[in-house]
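Here's a quick briefing to read with the model open beside you. Take it topic by topic.

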Amino acid sequence: SVDEKDYNQTEIRLKKSNGEYIWCKLRITTIMDQDKKVSRLIGKIIDVDKSRREKLNLIEKTKKDLMTDMYNKLTTEVLINETIKKSHKALAAFLLIDIDNFKNINDSLGHMQGDNVLTQISEEIKSIFRSSDIIGRIGGDEFVVFIKDIYEEKHAEKKASEILQTIRNIKNKNLNGFNVTVSIGIAFYDKDGSDYSQLYINADKALYCAKNK
């Protein structure tokens, strides 16, 4: 005779016969006998793959900037600080990228065209870096790239030059003669800072010098 039931559940990934993995909810009921000993277990597996993936997709969307599909400001900062903690003393570069005279584009051509420029620039930036690098839009016309595990500072400087050249070559018939350029400031971990805030401050100083030139 049954005296007590103990109910537990968890979510697991199971491999289907075709090799595909899906998320399932596993429910286990422990049935005890009159002596409070386990008599038997009754299990039930429920396919929750669709709802789980929808949930994960929503979580991922909260981390992204809707216009550019880059990480937003908060997520960028969190990911960079987490990476620094894990990487310890590995050399890394913090690139702060700002569009030159972006206000003039918005004021002269309208915000819709300004948004198009932002989208174009973000796509060019993403195409230059690895998927493992952290790329974020942290302001209206300001971007951050954190290049992990580099061997020397020249690597970051080369990437910065590539960004400058690529964006100078952007062609858009709706710009009415406006030339799109960016300025870049670079800070290195841990020479110029040991967390996001310190790296940002020093990269911003370098950016200010670049704009003056």
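In which loop does Asn101 lie? Asn101 sits in the loop between β4 and α3. This is a predicted model, where local features need pLDDT of at least 70, side-chain atom pairs count only at pLDDT 80 or more, and totals for chains, interfaces and linings use all residues. Residues are numbered from 1 along each chain as its sequence is written, and side-chain values use heavy atoms, with hydrogens and water left out. Helices (H or I, at least four residues) and strands (E, at least two) are DSSP runs, numbered from the N terminus.

- Asn101 has a phi near 55 degrees, a positive value in a residue other than glycine.
- Asn101 counts as exposed, at 56% relative accessibility; the scale is buried under 20% relative accessible area, exposed over 50%, and partly exposed in between (1.4 Å probe, protein chains only).
- Asp149, in the loop between β6 and α5, also isn't glycine and has a positive phi, near 45 degrees.
- With a relative accessible area of 46%, Asp149 is partly exposed.
- Look for a cis peptide bond between Tyr189 and Asp190, with omega about 0 degrees; Asp190 is in the loop between β7 and α6.

- Thr76 belongs to helix α2 (residues 73–87) and is buried, at a relative accessible area of 0%.
- The Thr76 side chain reaches the backbone oxygen of Asn72 at 2.7 Å.
- Leaving out residues up to four places away in sequence, Thr76 touches Tyr71, Ile134, Gly136, Ile138, Val144 and Tyr196 (contact means heavy atoms within 4.5 Å).
- α2 packs against helix α6 (residues 196–212) at an angle of about 110 degrees, with the axes 9 Å apart. That makes α2 roughly perpendicular to α6.
- On the α2 side the contact uses Thr76, Glu77, Ile80, Asn81 and Ile84, and on the α6 side Tyr196, Ser197 and Leu199.
- Those contact residues split into four nonpolar, three polar and one charged; here Ala, Val, Leu, Ile, Met, Phe, Trp, Tyr, Cys and Pro count as nonpolar, Asp, Glu, Lys and Arg as charged, and the others, Gly among them, as polar.
- For the angles, axes are lines fitted to C-alpha atoms (for helices over the stretch in contact), and angles run from 0 to 180 degrees between N-to-C directions. Under 35 degrees counts as roughly parallel, over 145 as roughly antiparallel, 65 to 115 as roughly perpendicular and the rest as oblique.

**The four-stranded sheet**

- Four strands make an open, antiparallel sheet in the order β5-β6-β4-β7; two strands pair if DSSP finds at least two bridges between them.
- β5 (134–137) and β7 (182–189) are the edge strands, each pairing on one side only.
- Strand β4 (residues 92–99) pairs with β7 over eight bridges, in the antiparallel sense, and Leu96 stands opposite Gly185 in β7.
- Helix α5 (residues 153–168) lies across β4, β6 (142–147) and β7, at about 165 degrees to β7.
- α6 lies across β4, β6 and β7 too, running at about 140 degrees to β7.

**The β2–β3 hairpin**

- Strand β2 (residues 21–32) and β3 pair in the antiparallel sense over nine bridges, and Ile31 has Arg40 in β3 as its bridge partner.
- The hairpin has five residues between its strands, and Lys36 there takes a positive phi near 65 degrees.

Conventions: Polar contact = N/O pair within 3.5 Å; in protein donor to acceptor, adjacent residues only side chain to side chain.
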